[in-house]
Structure formats: C-alpha cells, structure tokens
Amino acid sequence: MKWSELSIPWQRCFELSWEAMKDGSKPIAALVIDENGEIIAEGKNAVYSEYSDATVRYNEIAHAEINALGKIDNRVHTSRAPYTLYSTLEPCPLCTGALYMSSIKNLAYAAKDKFGGSLDMLGKTSYLSRKHINIDGPVPVLDEVSIFLNVYFDVTSKNIRPSIVKLHDELAEDYPNAVSLARKWGEDNRLDQYLSYPFNDSFPIIVHGLKNNKHPV
C-alpha cells in the first residue's frame, strides 16, 4: 500500500498519531467527517502531553476519540447520524461509549485491539441496543502500522510493566509481525531517526520493514 492510495481521512489520522507520539503520548488519533467527507474535528491522545486545542490533556481519559468528539458543538452540528468517526485503533470502553452517545452512527478503525478494544459492548444492554453503529475495520496494512507504532512507543518509552507485556502479547495474537518488528526496532530506537520526517515519508519505511520482517514474536 502506498501513502497516495490512502483516503484523506486516513492520511490525516496517521499524521496526527505521528504527532501524538512525538508529543510523548500514545500514537493514537481520531477525527470526524461529515456526510460530505469534510473533516470537522480532530483529536490526538494526550494522556501524557498537551496540545493547543485538546479538550482533555494530561489525564487518563485524554483519549484521541474523546478529544475529537468533544469538539463537536451540537448547536452547529444538529444532525450527526451521517457523520463518521475515524480512529487508528479500535475504541476502548470509554471511547466506544462516547461514540454511541455522540449520535454518530458510523465508525472506521484501522486496527483491532484485542486487549482494550470494546466494540463488542454494542448491543449488550438495552441502551446500547437502541441504535445501530455501522462499523468498518480493521484495515489491512494500516492495522499493522497502527499496532507497530503503539508497541514501539511503549518499548522506547521504557513503559514495559507486566500489564503492558500482557497487552503486547494479546496484540501479537492478531498482529505477530507488527509486534515483533516493533520490539526489535524499539531495542535500538531505530525509528527515532525518522521522527523529524513527515509521516508520509516515514510510512513507506515502516511498511517496507513490516513486509520484510519474517521472524516470530
């Protein structure tokens, strides 16, 4: 997959996730498009950082989806059902609930999150069965890139406590190649030399690495 083959929303999502990683937070990003495909809100993970228009920062709930959805003004966006939330990672319980309560009925996500992803919450209670959410994901290639970035961030930030190891092991059940490469590249901070690059330049480097990594986790 080439960068030029990605839709504008996916390009922007991964540009934002790259920014989040450089800011010092998890490389997860989200945005909302309206029924015409126009981007109307953007958000980055800011659990360990801040940025100028973040709605939540330096807080455990400062997730990318929360920062994106929190920018939608109901006085302006009076009919939100046709909108779509894009996220580089399957939403967690917090963000799945926020999406459901936002009245947005479409979701596109890049990578499955076997550890924290919680789309299976939908339909499990009377309230969560009231409306249908159209779901598109995971997305081949983009899913491996997303998982690679997240595991690499953990490894290079020395965030390898037992719960993180468990998270990586569960992610590896679906994405062994991405987790393996992130662990290997993280050992010598190999991706850091590209952090000054725009993500459209770094993307093919990561995709090439994933394509040529054949070693098990």
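**Stop one: K44.** Select K44, which counts as buried at 6% relative accessibility. Buried means under 20% relative accessible area, exposed means over 50%, and partly exposed lies in between (1.4 Å probe, protein chains only). K44 sits in strand β2. Helices (H or I, at least four residues) and strands (E, at least two) are DSSP runs, numbered from the N terminus. Now show what K44 touches: L16, E19, A20, D23, I28, A29, Y51, A62, H63, A64 and N67, leaving out residues up to four places away in sequence. Contact here means heavy atoms within 4.5 Å.

A word on the model before moving on. It is predicted: local features need pLDDT of at least 70, side-chain atom pairs count only at pLDDT 80 or more, and totals for chains, interfaces and linings use all residues. Residues are numbered from 1 along each chain as its sequence is written, and side-chain values use heavy atoms, with hydrogens and water left out.

**Stop two: strand β1.** Which residue stands opposite K44? Select A29. Then select the whole of β1, residues 29-33. β1 pairs with β2 in the antiparallel sense over five bridges. Two strands pair if DSSP finds at least two bridges between them. Click A30 and find G43, its bridge partner in β2. On β3, the bridge partner of A30 is S87. β1 and β3 also pair in the antiparallel sense, over four bridges.

Is β1 mostly covered or mostly open? Mostly covered: five of its five residues are buried. Colour A29, L31 and I33 for one face, and A30 and V32 for the other; both faces are covered. Then follow the chain into the hairpin of β1 and β2, which has five residues between the strands. There, G37 takes a positive phi near 85°.

**Stop three: the sheet.** Zoom out. Five strands form an open sheet in the order β2-β1-β3-β4-β5, with mixed pairing. The edge strands are β2 (39-44) and β5 (134-136), and each pairs on one side only. Neighbouring strands of this sheet are turned by 15° against each other on average, direction ignored. Axes are lines fitted to C-alpha atoms, for helices over the stretch in contact, and angles run from 0 to 180 degrees between N-to-C directions.

**Stop four: T84.** Select T84 in strand β3, residues 84-89. T84 is buried, with a relative accessible area of 15%. Leave aside its neighbours within four places in sequence, and T84 is in contact with L31, V32, I33, I104, N106, L107 and A108. Draw a distance from T84 to A108: their C-alpha atoms are separated by 7.1 Å, though the two are 24 residues apart along the chain.

Most residues other than glycine have a negative phi, and most peptide bonds are trans. Go to the bond between G137 and P138, which is cis, with omega about -5°. P138 lies in the loop between β5 and α4. V141 lies in that loop between β5 and α4 too. Phi of V141 is near 75°, a positive value in a residue other than glycine. V141 is partly exposed, at 28% relative accessible area. Next, jump to Y58 in the loop between β2 and α2 (64-69). Y58 has a positive phi of about 45° although it is not a glycine. Y58 is exposed, with a relative accessible area of 51%.

**Stop six: the helices.** Select α5, residues 162-174, and colour its buried residues I164, L167, H168, E170, L171 and A172.

Finish with α6 (residues 176-187) and α7 (residues 199-212). Their axes come within 9 Å and cross at roughly 110°. That makes α6 roughly perpendicular to α7. Angles under 35 degrees count as roughly parallel, over 145 as roughly antiparallel, 65 to 115 as roughly perpendicular and the rest as oblique. Which residues make the contact? Show N177, A178, L181 and W185 of α6, with I205, I206, G209 and L210 of α7.
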